[in-house]
Amino acid sequence: MSPATAAAPTLLGEAPLAPEHFVRIASMLHEHAGIRLREGKEGLVRARLAKRLRALGLADFDAYLAHVAADRSRAEFREMVDALTTNKTSFFREHTHFDVLRDDVLPACTGPIRLWSAGCSSGEEAYTMAMVLQESLEPAVASRARILATDISHRVLAVAKAGRYPADTLADVPKPLLQKYWRPVDGGARHEAGPALRQLVQFGRLNLMEQWPMRGPFDAIFCRNVMIYFDKSTQQQLVERYRQLLRPGGYLFVGHSESLTGLSHQFRYVQPAVYAR
């Protein structure tokens, strides 16, 4: 065979994703993280995991899946989850939910306020909740409030804990709140969350499919634009687990592209994407 007709070597990260590779990856993601990869996502999976193949010096997906299976620390599985999960969020996203938090949830609280941002991504939701609390509560009450913010992705949690964001991503934060709770850094290119917000929020990694270490009751749980990645059976289990952790009368917020329709539940409908126990 002449050099002109010889097969070119496969570049690291450029190996094809065979159907059986996609099935195995989808099965692992669903079994361990509850996330459902639908058909048609093959291109996304190959593109996002190509970086992992290059980082590990692996030539193809057979070698990569063997590496994931052999890694008892599960560190590479966590890297795979990080690569395949989408973490789109913003400050005051679906802003009517924060009106409900201010006007309905907080006035009904009788003890130390506890909120949970489940699937907090890079932290914008949790810091928005913190701004609402600081603006709505007396200082002594706000100082005792706590927001638990969890996500399965180490990558986005690192961003959340750092609390530094490009200035343009805070465009939806009202200017008085921006000046009050954030400080410019890097010559104004980014803004950093101040201590008034940081003292309210505790970030931690949590796989929603595993055992939950925290105990209720929570006054409200925000699980927005998370359950769309799960099948009905997993959604059903999550909704019941959330209900058990909410105080009577506590609120569950889901994304506007989600609802509890089609699930068996004991929540009372309040308004689109808002339910009360």
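Me: Which residue forms a salt bridge with Glu 240?

Reply: In this predicted model, the partner of Glu 240 is Arg 243, with the closest N and O atoms 3.1 Å apart.

Me: How far apart are the two along helix 11?

Reply: Glu 240 and Arg 243 are three residues apart in helix 11 (residues 232-245), so about one helical turn separates them.

Me: And is Arg 243 buried or exposed?

Reply: Arg 243 is buried, at a relative accessible area of 15%. Glu 240 is partly exposed, its value being 27%.

Me: Which residues are joined into a network by salt bridges that share partners?

Reply: Glu 94, Glu 125 and Arg 224 are joined into one network in that way.

Me: How many salt bridges does the count come to?

Reply: The count comes to 11 salt bridges. One of them is formed by the side chains of Glu 76 and Arg 52, at 2.8 Å from N to O.

Me: Where do Glu 76 and Arg 52 lie?

Reply: Glu 76 belongs to helix 4 (residues 75-84) and Arg 52 to helix 2; the pair links distant parts of the chain, 24 residues apart. Both residues are buried.

Me: Staying with helix 2, at what angle does its axis cross that of helix 3?

Reply: The axes of helix 2 (residues 42-56) and helix 3 (residues 61-70) cross at roughly 75 degrees and come within 11 Å. The two helices are therefore roughly perpendicular to each other.

Me: Which residues make the contact?

Reply: Helix 2 contributes Arg 46, Leu 49, Arg 52, Leu 53 and Leu 56, while helix 3 contributes Phe 61, Tyr 64 and His 67. By class, five of these residues are nonpolar, one is polar and two are charged.

Me: Changing topic: in what order do the strands of the open sheet run?

Reply: The order is 3-5-4, with three strands and antiparallel pairing. Strand 3 (164-166) and strand 4 (182-185) are the edge strands, each pairing on one side only. On average, neighbouring strands are turned by 35 degrees against each other, direction ignored.

Me: How many bridges are there between strand 3 and strand 5?

Reply: Strand 3 pairs with strand 5 (residues 190-193) over three bridges, in the antiparallel sense. Glu 192 in strand 5 is the bridge partner of Arg 164.

Me: What do the side chains of that pair form?

Reply: Arg 164 and Glu 192 form a salt bridge, with 2.6 Å between the closest N and O atoms. Arg 164 lies in strand 3 and Glu 192 in strand 5, so the pair ties together parts 28 residues apart in sequence.

Me: Is Glu 192 buried or exposed?

Reply: Glu 192 counts as buried because its relative accessibility is 12%. Arg 164, at 29%, counts as partly exposed.

Definitions and conventions:
Residues numbered from 1 in each chain as written. Predicted model: local features only at pLDDT ≥ 70, side-chain atom pairs only at ≥ 80, totals over all residues. Heavy atoms only, no water. Pairing = 2+ DSSP bridges. Helix = DSSP H or I, 4+ residues; strand = E, 2+ residues; numbered from the N terminus. Axes fitted to C-alpha atoms, helices over the stretch in contact; angles between N-to-C directions. Parallel < 35°, antiparallel > 145°, perpendicular 65-115°, else oblique. Contact = heavy atoms within 4.5 Å. Nonpolar A, V, L, I, M, F, W, Y, C, P; charged D, E, K, R; others polar. Salt bridge = Lys/Arg side-chain N within 4 Å of Asp/Glu carboxyl O. Buried < 20%, exposed > 50% of the residue type's maximum accessible area, 1.4 Å probe, protein only.
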